[in-house]
Amino acid sequence: MKNKKANFDFEKLEVYQRAVDFANIVYEITKNFPKNEQFGIVSQLRRASLSISLNIAEGTGRYNNPERRQFYRMARASIHECVPLLELSFRQDYIDLKRHEKLKQECVELSKMVSGLINSLPTLD
């Protein structure tokens with residue numbers, strides 16, 4: 001994470017930092033996708049990857065655990081949305097196998113981390 005000073009609690013979370021890093025990588029690699037994909041895979045993959053950190057941030061800003069949990073679940077759903085988009089990007093030869101495997105593994109790790117956030121919340125509010 002470029003900005004080392006954390007002004008908000010969510011900025012201190014490793015899962016948030018990794019989600020921002022993941023979105024940054026997605027933005028970088030999609031710069032090289034064909035122009036005809038700007039409103040297809042590029043747009044979808046960028047929005048889904050960005051949505052992960054956005055939902056983590058918004059969830060931590062909520063005042064009760066059921067709302068936090070819902071935003072964290074949306075973050076996890078966005079991670080899952082990235083998986084088929086990355087698969088299609090690989091099948092269309094927009095990314096190579098090594099990049100695909102690395103990004104998919106990061107999705108696995110992010111999903112586990114977000115699940116950990118969800119499970120850390122008390123069920124009673």
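Let's start where α2 and α3 pass each other: their crossing is left-handed, a label used when the near helix is turned anticlockwise from the far one by less than a right angle (clockwise would be right-handed). Helices here are DSSP runs of H or I with at least four residues, numbered from the N terminus. The axes of α2 and α3 come within 8 Å and cross at roughly 160 degrees. Those axes are lines fitted to C-alpha atoms over the stretch in contact, and angles run from 0 to 180 degrees between N-to-C directions. That makes α2 roughly antiparallel to α3, the word for angles over 145 degrees. Sort the residues of this contact by class and you get 14 nonpolar, eight polar and three charged. Nonpolar covers Ala, Val, Leu, Ile, Met, Phe, Trp, Tyr, Cys and Pro, charged covers Asp, Glu, Lys and Arg, and the others, Gly among them, are polar.

Keep in mind that this is a predicted model, where local features need pLDDT of at least 70 and side-chain atom pairs count only at pLDDT 80 or more, while totals for chains, interfaces and linings use all residues. Residues are numbered from 1 along each chain as its sequence is written, and side-chain values use heavy atoms, with hydrogens and water left out.

Now step back to α1. The axes of α1 and α2 come within 9 Å and cross at roughly 165 degrees, which makes α1 roughly antiparallel to α2. The class count for this contact is 14 nonpolar, three polar and one charged. On the α1 side you can find V15, Y16 and F22 among the residues that meet α2, whose own partners include I52, I56 and A57. Contact means heavy atoms within 4.5 Å. α1 passes α2 in a left-handed crossing.

Next comes the pair α3 and α4. Their axes are 9 Å apart and they pack at an angle of about 170 degrees, so α3 and α4 are roughly antiparallel to each other. Their crossing is left-handed. Among the α3 residues that take part are Y72, C82 and L86, and among those of α4 are L103, V114 and L117. This contact has 14 nonpolar, four polar and five charged residues.

What do the helices share in the middle? The largest nonpolar core has 29 residues, and those with the most contacts inside it are F22, I52, I56, C82, L86 and V114. α1 (14–30), α2 (41–60), α3 and α4 each supply at least two residues of this core. The largest share, seven residues, comes from α2. A nonpolar core is a set of buried Ala, Val, Leu, Ile, Met, Phe, Trp, Tyr and Cys residues joined through side-chain atoms within 4.5 Å. Buried means under 20% relative accessible area, exposed over 50%, and partly exposed in between (1.4 Å probe, protein chains only). In soluble globular proteins, nonpolar side chains tend to be buried together.

K112 sits in helix α4 (residues 97–120) and counts as exposed because its relative accessibility is 55%. K112 and V15 are 97 residues apart in sequence, yet 9.5 Å apart in space, C-alpha to C-alpha. D93 lies in the loop between α3 (65–91) and α4, and is exposed at 68% relative accessible area. Most residues other than glycine have a negative phi. D93 has a positive phi of about 65 degrees although it is not a glycine.

Notes
Angles under 35 degrees count as roughly parallel, over 145 as roughly antiparallel, 65 to 115 as roughly perpendicular and the rest as oblique.
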